[in-house]
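Biologist: I would like to learn how to read a protein model. Can we go through it one feature at a time?

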Amino acid sequence: MLAVVPPPVTVRVPSKVNLHLAVGDRRADGYHDLATVFQSLSLTDEVTVAVADEPGVEVHGEGAGTVPTGASNLAWRAVEELARYAGRDISELKVRVVIRKGIPVAGGMAGGSADAAATLVGLASLWRLEIGRDELAVLAAKIGSDVPFVLHGGVALGTGRGEQLVPVLSRHTFHWVLAFDRRGLSTPKVYAELDRLRADGEPPAVGAVEPVLEALASGDPRQLALLLGNDLQPAAVSLRPTLRRTLRAGVQAGALAGTVSGSGPTCAFLCESGEDALRVAAELAGAGVCRTVRVAHGPVPGARVVNDESPR
Ligand code: ATP
């Protein structure tokens, strides 16, 4: 009897912005404890997984040339993690992963993590695994600290290294303009720079998280704008001083406030409305302070299958 080859599965997955990112001191194991509020954004990657004789990863789109296609691609780490869970032979995986990137690479928006989360969801569907979201989240956390959040989407409070999540109720939509920089920033280097700045003095630190949660519940972007904060921002700006100009330009263009997203260098500008975001984006695009400008909104759902023609 001929084995039936399941059709490819495509998954759309969001990026993230940190509305609040409090970074603790460096721990003995080198990591930092975080308290962060994530919001998922409509700037997405799409990942297609398919059964194929030639296994591997293909990357297209935004910054594709700088993304590894071998075993170090986070999407492939997800393939291996799910294969181990399913008891499949890792040396004989007939899986091809095709990534279409919309999320900037090394931009502080969890792009690689997003591809890993999408691959987990897509492959679980392709292989028809009986695995719930909670179990997928456990695998996700093994791959990277941002992977569980982009799997879930929405808004969440993250602690630990950011992987321990509590969902935050947020029924309102917020509008953003994102300014991509010409080159990425390495997340470990940004943390190391923060350690250096802290050894030398007291870089500005974010306040309490509760007011951020209240602003989210109120849905008022003006209230939220006053509270955006990121302990990594001084470190990202120290490594990439031109970000200071970008942050200023966004506010001059009419945004309510700007913040470096995660470890940067992408700058995220919160706007009053969708129309305002379009206006700010147009003006910022002409200011010559960044490579590309995009508009996005959030929160949006986490990684989800967008085409699955196979019978249910
Ligand atoms: P985070 O916000 O989670 O700190 P980031 O958005 O700053 O991450 P990524 O886009 O995830 O950064 O990329 C970080 C590095 O990971 C890249 O320089 C790249 O070499 C590597 N990488 C591995 N897999 C991927 C992938 N699927 N997409 C993008 N980068 C990947």
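Biologist: How many residues lie between β1 and β2 in their hairpin, and which glycine in the turn has a positive phi?

Modeller: First, a caution: this is a predicted model, in which local features need pLDDT of at least 70 and side-chain atom pairs count only at pLDDT 80 or more, while totals for chains, interfaces and linings use all residues. Residues are numbered from 1 along each chain as its sequence is written. Helices (H or I, at least four residues) and strands (E, at least two) are DSSP runs, numbered from the N terminus. In the hairpin of β1 and β2, five residues lie between the strands, and glycine 30 in the turn has a positive phi of about 95°.

Biologist: In which sense do β1 and β2 pair, and over how many bridges?

Modeller: Two strands pair if DSSP finds at least two bridges between them. Strand β1 (residues 9-26) pairs with β2 in the antiparallel sense, over 15 bridges. One such link joins proline 14 to its bridge partner in β2, threonine 44.

Biologist: Which strand pairs with β2 over six bridges and covers residues 155-160?

Modeller: That is β5, and the pairing is antiparallel. Phenylalanine 38 has alanine 156 in β5 as its bridge partner. Strand β4 (residues 95-101) also pairs with β2 in the antiparallel sense, over six bridges. There, valine 47 stands opposite isoleucine 99 of β4.

Biologist: How many residues of β2 are buried?

Modeller: A residue is buried if 20 or more other C-beta atoms lie within 10 Å of its own, exposed if 12 or fewer, and partly exposed in between; C-beta atoms are placed from the backbone. Strand β2 (residues 32-51) is mostly covered, with 14 of its 20 residues buried.

Biologist: Which residues of β10 lie on one side, and which on the other?

Modeller: Cys267, Phe269 and Cys271 lie on one side, Ala268 and Leu270 on the other, and all are buried.

Biologist: Which strands pair with β10?

Modeller: Strand β7 (residues 174-180) runs antiparallel to β10 and is joined to it by five bridges. In that pair, tryptophan 176 stands opposite leucine 270. Strand β9 (residues 257-260) pairs with β10 in the antiparallel sense over four bridges. The hairpin of β9 and β10 has six residues between the strands, and glycine 262 takes a positive phi near 55°.

Biologist: Why does glycine 258 count as buried?

Modeller: Glycine 258 is found in strand β9. It counts as buried because it has 26 C-beta neighbours inside 10 Å. Its bridge partner in β10 is phenylalanine 269. Two residues are in contact if their C-beta atoms, placed from the backbone, lie within 7 Å. Leaving aside neighbours within four places in sequence, glycine 258 is in contact with residues including Leu247, Val251 and Phe269.

Biologist: How many residues does the largest nonpolar core have?

Modeller: A nonpolar core is a set of buried Ala, Val, Leu, Ile, Met, Phe, Trp, Tyr and Cys residues joined through C-beta atoms within 7 Å. The largest one here has 94 residues, and those with the most contacts inside it include Ala75, Trp176 and Leu270. Helix α2 (residues 111-126) gives the most to this core, with nine residues. Leucine 270 is in contact with Phe174, Trp176 and Leu228, among others, leaving aside its neighbours within four places in sequence.

Biologist: Into which domains is the protein divided?

Modeller: Domain bounds come from an automatic or database domain assignment. Here they give domain 1 (9-169) and domain 2 (174-298). The contact takes 25 residues from domain 1 and 34 residues from domain 2. On the side of domain 1 that touches domain 2, β1 and β2 each supply at least two residues. The C-alpha centres of the two domains lie 23 Å apart.

Biologist: How many residues surround the ligand?

Modeller: A residue is near a molecule or strand if its C-beta atom, placed from the backbone, lies within 6 Å of it. By that rule 22 residues surround the ligand, and the closest are Leu74, Ala110, Gly111, Gly112 and Asp115. Helix α2 gives the most to this shell, with four residues.
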